[in-house]
Amino acid sequence: MAAKTIAEDLYAGGLQGEDLYKAMWDWHDQTGIETRDMYTHYQTLRHHNQPIR
């Protein structure tokens, strides 16, 4: 499992705030993938999926 895949799953699940933080640490504990890598991909998804104003 890659950080990008995890981030896509977390984003699709609508996780934010403390729920997102806890989920990323759960994945880190299971896979050893750095939370910052997941968060970077998560932020990219969020940025690219913002509605145009």
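Read along the sequence, the chain follows the pattern α-α-α, with three helices and zero strands; helices (H or I, at least four residues) and strands (E, at least two) are DSSP runs, numbered from the N terminus. The radius of gyration is 11 Å, close to the 10 Å that the globule rule gives for 53 residues, so the chain is as compact as a globular protein of that length. This radius is taken over C-alpha atoms, and the rule is 2.2 Å times the number of residues to the power 0.38. The model is predicted: local features need pLDDT of at least 70 and side-chain atom pairs count only at pLDDT 80 or more, while totals for chains, interfaces and linings use all residues. Residues are numbered from 1 along each chain as its sequence is written, and side-chain values use heavy atoms, with hydrogens and water left out.

Along its principal axes, the C-alpha trace spans about 40 × 20 × 15 Å. Of the 53 residues, 23% count as buried (under 20% relative accessible area, 1.4 Å probe, protein chains only). Contacts are defined by heavy atoms within 4.5 Å; among those between residues at least 6 apart in sequence, 59% join residues at least 24 apart. The accessible surface comes to about 4,100 Å², of which carbon and sulfur atoms contribute 48% (Shrake-Rupley method, 1.4 Å probe).

His28 lies in helix α2, which covers residues 17–31. The residue His28 is buried, with a relative accessible area of 19%. Leaving aside neighbours within four places in sequence, His28 is in contact with Ile33, Glu34, Thr35 and Met38.

Notes. Buried < 20%, exposed > 50% of the residue type's maximum accessible area, 1.4 Å probe, protein only.
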